[in-house]
Amino acid sequence: MSTLGPLTPCTGSLQEEWSAARNAQIVEKLAQFDTIYVEYPPHTALHGVFDFLVKSSAASIGQPQRGVRVIAPSGSGKTTAALRIKALIEAKLSEGVSLKPIVYVALERQATSRRLFSSILAALGDGFHARGAEDLLRERAYALLRRFRTLLLIIDEVQHLSSRGAGGDVTDCLKRLLDDGVVSVVFMGVEEALPMFTRNLQLSGRLLPPADIRQLDAAIEGDRSSLAQFIVDLDKAIVARGLVAELGGWGEPWIVGCLHQVCDGVVGRIVRLMRVALEIALRRGASRIEAYDLMLATDRWAVPQNFVR
């Protein structure tokens with residue numbers, strides 16, 4: 001699809017409407033946008049790793065378990081992908097196989113090993129998750145994980161774990177979690193989490209090969225193609241949901257190049273940028289998200305947020 005330059009929109013008005021009626025329409029469409037999930041090769045590979053760990057855990061209950069680390073830049077969509085994969089795997093498990101087959105836990109800043117087990121208990125529905133010493137919380141967490149026949153524990157934001165806990169290096173606590181044979185574990189975080197794994201080779205030795213998600217490099221042809229395909233698929237998904245009437249034509253090389261620079265090779269940032277651009281297009285009454293809307297979204301969101309200068 002041929003598009004004009006970003007300063008000249010082809011559809012809609014240059015004026016953005018902020019009426020109560022338009023706000024209501026936009027809120028509804030943005031809520032639909034937030035449900036869009038676009039298949040992305042690194043996330044597809046991650047699905048395979050999660051599925052393998054679930055099956056491995058089910059086949060070796062009571063034996064030392066394996067884990068995997070997933071290090072990815074902020075905004076890469078790792079959390080969204082993990083929750084999506086969790087839902088897909090759980091939907092395929094036979095009814096009654098387990099009560100909570102996969103448990104997801106997101107850690108808060110400066111989390112200790114005690115707070116780790118408190119967070120696990122909270123995710124399992126324990127109303128007294130904040131009470132008790134670390135050893136007691138650990139035993140209660142183990143008991144509930146076994147009772148709910150949990151096969152996979154996803155610990156997100158592991159970079160928030162303090163380097164030391166009451167019993168020493170917190171990585172020893174993570175290693176013991178696997179050695180005690182309770183559950184397989186996915187350790188997810190940003191680059192700041194890497195030292196946690198490199199300083200404890202005993203923990204790393206219990207993990208599968210890393211399933212890290214890296215930033216796409218504009219100098220690599222395969223990465224450029226992956227990003228372009230993701231952009232085109234997102235454009236199609238937006239139209240398929242009826243959020244706008246026409247494709248935006250974002251597959252043009254110059255648009256892909258600009259988006260790669262704005263997002264710095266992190267696809268999750270593209271999704272967030274598109275959300276802002278969609279709102280602008282809807283306020284203008286446009287029939288598609290145009291380069292004009294992407295330009296304004298960059299100026300209003302990406303630049304102030306320091307994603308791009």
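This is a predicted model: local features need pLDDT of at least 70, side-chain atom pairs count only at pLDDT 80 or more; totals for chains, interfaces and linings use all residues.

Tutor: In it, the buried residues of H2 pack against strand E1 (67-71), helix H3 (78-92), strand E2 (102-106), strand E3 (152-156) and strand E6 (184-189).

Student: Which residues of H2 are buried, and within what arc do they fall?

Tutor: Good place to start! The buried residues of H2 are His43, Leu46, His47, Phe50, Leu53, Val54 and Ser57. Looking down the axis of H2, they line one face of the helix, because they fall within an arc of 130°.

Student: Which exposed residues does the face of H2 turned away from its buried side carry?

Tutor: Exposed here takes over 50% relative accessible area. On the face of H2 turned away from the buried side, the residues that qualify are Pro41, Lys55 and Ala59.

Student: What distance does H2 reach from its first C-alpha to its last?

Tutor: H2 covers residues 41-59, 19 residues in total. At 1.5 Å a residue, 27 Å is expected, and the helix comes close to that with a reach of 27 Å.

Student: Is Glu157 buried or partly exposed?

Tutor: Glu157 sits in the loop between E3 and strand E4 (164-165), and has a positive phi of about 60° although it is not a glycine. Most residues other than glycine have a negative phi. With a relative accessibility of 22%, Glu157 counts as partly exposed.

Student: What is the phi of Asp264?

Tutor: Asp264 lies in the loop between helix H10 (253-263) and helix H11 (267-284). Asp264 is partly exposed, at 41% relative accessible area. Asp264 is a residue other than glycine, yet its phi is positive, near 55°.

Note on methods:
Residues are numbered from 1 along each chain as its sequence is written. Side-chain values use heavy atoms; hydrogens and water are left out. Helices (H or I, at least four residues) and strands (E, at least two) are DSSP runs, numbered from the N terminus. The expected span of a helix is 1.5 Å times one less than its number of residues. Buried means under 20% relative accessible area, exposed over 50%, partly exposed in between (1.4 Å probe, protein chains only). The arc is that of the directions from the helix axis to the C-beta atoms. Contact means heavy atoms within 4.5 Å.
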